[in-house]
Amino acid sequence: MTMKILDRYLLKEYLRNMLLIAIIFVFLFLTIDFFEKIRMFLSNHANLEQMLAYSLLQVPIALSQTLPAVVLLSALITFGNLSRHSEIIALKANGISLFRFAVPTLGVALLTALAIFLLNEWITPYAYARADYIRYVEVQKRPSPGSFNQGQIWYRGEKGIYNFRMFDAGANSLQGITIYYLDRQMNLLQRLDAKKGEWKEGKWLFYDLLITRFEGGDFPVISRLKKQTADIPETPADFKIVQKDAEAMGYLELRRYIKKLQAEGYNATRYLVELQGKIAFPLISIILFVIGFSFSLRSERSGGIAAGIGAGLIIGFSYWIVFAFGISLGRSGALSPILAAWFANILFGLGSVFLLSRVKS
């Protein structure tokens, strides 16, 4: 009976801190994002409904990115306050193990990791897509230029219809290119196939081209070229609107996209890193909880809100820096995709084990 009362007491304190911190984090995220976009909204005469809808769509994105830090800060503040008010000493005096005492909150950290994964799988992809539509089509009045379906980009350009297997926004390169040149009556004038394309000196340079011309009802004329400057006016910025980033795809969708790229012989390294990151990032919630729990109990009278917030910010930012560094190394090929995505988790996991071993339960 005593443990049930303690479990309820601890869960109440921990969940209350989680809720408060999550609201603060989401509010800060939305405020910063709104002021980053305010000039775009005002210059395009966006109405209040569009701005509110865009901001509301950022809520699941903000939650999926900040929940691990929420778990960490909640652990630091909750257990820090218990230490400061001598409640930890009282538990020990009554022979209650601190590890057993923390089990309910560890369960919350596990559920949070699962919630982040499900958010990224089912909700944030829709939020990204809908927010981009509001921003580019409804507010900036750009025509809906194309789509990202079945792992392929379809784009309605000035010269015709373009199809790409992959667009690398970082390298400004295209893979698996097919362009259908059409006249005003939508008659096919020419089909261009190219293995890859690169944006160089303000122009698209295509490689390994196969050009098929349909002229005057005669037989098609086929020509092959090693490389040629492409006759299309679109720049990489135009294709970035259509390209679906890895963060806007769920785990299963991204895995299907990677299999498709690999089956067609394209380099999918950067997407493999992102795929591993979609598992590694939610699980850091559990590791950060253990760090927060262990760090706040380093002495019986340590802790407090200010100390918890300070430690949480330092640990949280440190994780973000290390995680981003590992991901960038993976994208460049300097580390394997698995090691790149899990590097920060391994490092902080070892740190959590060390801190946990020093807790006097």
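This dialogue concerns how to read several features of a predicted model.

Student: Which residues in α2 and α8 meet?

Tutor: A contact is read from both sides. From α2 come S64, Q65, P68, V71, L72, A75, L76, F79, G80 and S83. From α8 come F281, I284, S285, L288, F289, G292, F293, F295 and S296. The residues of this contact of α2 with α8 comprise 12 nonpolar, seven polar and no charged.

Student: How many aromatic pairs does the structure hold, and how is one of them to be read?

Tutor: The structure holds 18 aromatic pairs. For each pair one considers the ring centres and the ring planes. The rings of F79 and F289 have centres 6.3 Å apart and planes at 70 degrees. Planes over 60 degrees apart count as edge-to-face, and the pair of F79 and F289 is therefore edge-to-face.

Student: Why does the pair of F79 and F289 tie together parts that are apart in sequence?

Tutor: Because F79 lies in helix α2 and F289 in helix α8, the pair joins parts 210 residues apart in sequence. Both F79 and F289 are buried.

Student: How are the planes of F281 and F323 arranged?

Tutor: F281 and F323 form a tilted aromatic pair, with 5.8 Å from centre to centre and 50 degrees between the planes. This pair also links distant parts of the chain, since F281 is in helix α8 and F323 is in helix α9 (residues 305-332), 42 residues apart.

Student: Are F281 and F323 buried or exposed?

Tutor: Under 20% relative accessible area, a residue counts as buried. F281 has a relative accessible area of 9% and is buried; F323, with 11%, is buried.

Student: Which residues form one aromatic cluster?

Tutor: Y14, F79, F99, F101, F289 and F293 form one aromatic cluster. Of these, F79, F289 and F293 were named above in the contact of α2 with α8.

Student: Where is K227 found, and is K227 buried or exposed?

Tutor: K227 is found in strand β7 (residues 221-229). With a relative accessible area of 54%, K227 is exposed. Residues up to four places away in sequence not being counted, K227 touches L205, F206, Y207 and L209. From C-alpha to C-alpha, K227 and N94 are 79 Å apart in space, and they are 133 residues apart in sequence.

Student: What is the phi of H45 and of E201?

Tutor: The backbone is read here. H45 has a positive phi of about 55 degrees although it is not a glycine. H45 lies in the loop between α1 (2-43) and α2, and is exposed, with a relative accessible area of 71%. E201, also a residue other than glycine, has a positive phi near 50 degrees. E201 lies in the loop between β5 (188-200) and β6 (203-213), and counts as exposed at 82% relative accessibility.

Methods. Residues numbered from 1 in each chain as written. Predicted model: local features only at pLDDT ≥ 70, side-chain atom pairs only at ≥ 80, totals over all residues. Heavy atoms only, no water. Contact = heavy atoms within 4.5 Å. Helix = DSSP H or I, 4+ residues; strand = E, 2+ residues; numbered from the N terminus. Nonpolar A, V, L, I, M, F, W, Y, C, P; charged D, E, K, R; others polar. Phe/Tyr/Trp six-rings, centres within 6.5 Å; stacked < 30°, edge-to-face > 60°. Buried < 20%, exposed > 50% of the residue type's maximum accessible area, 1.4 Å probe, protein only.
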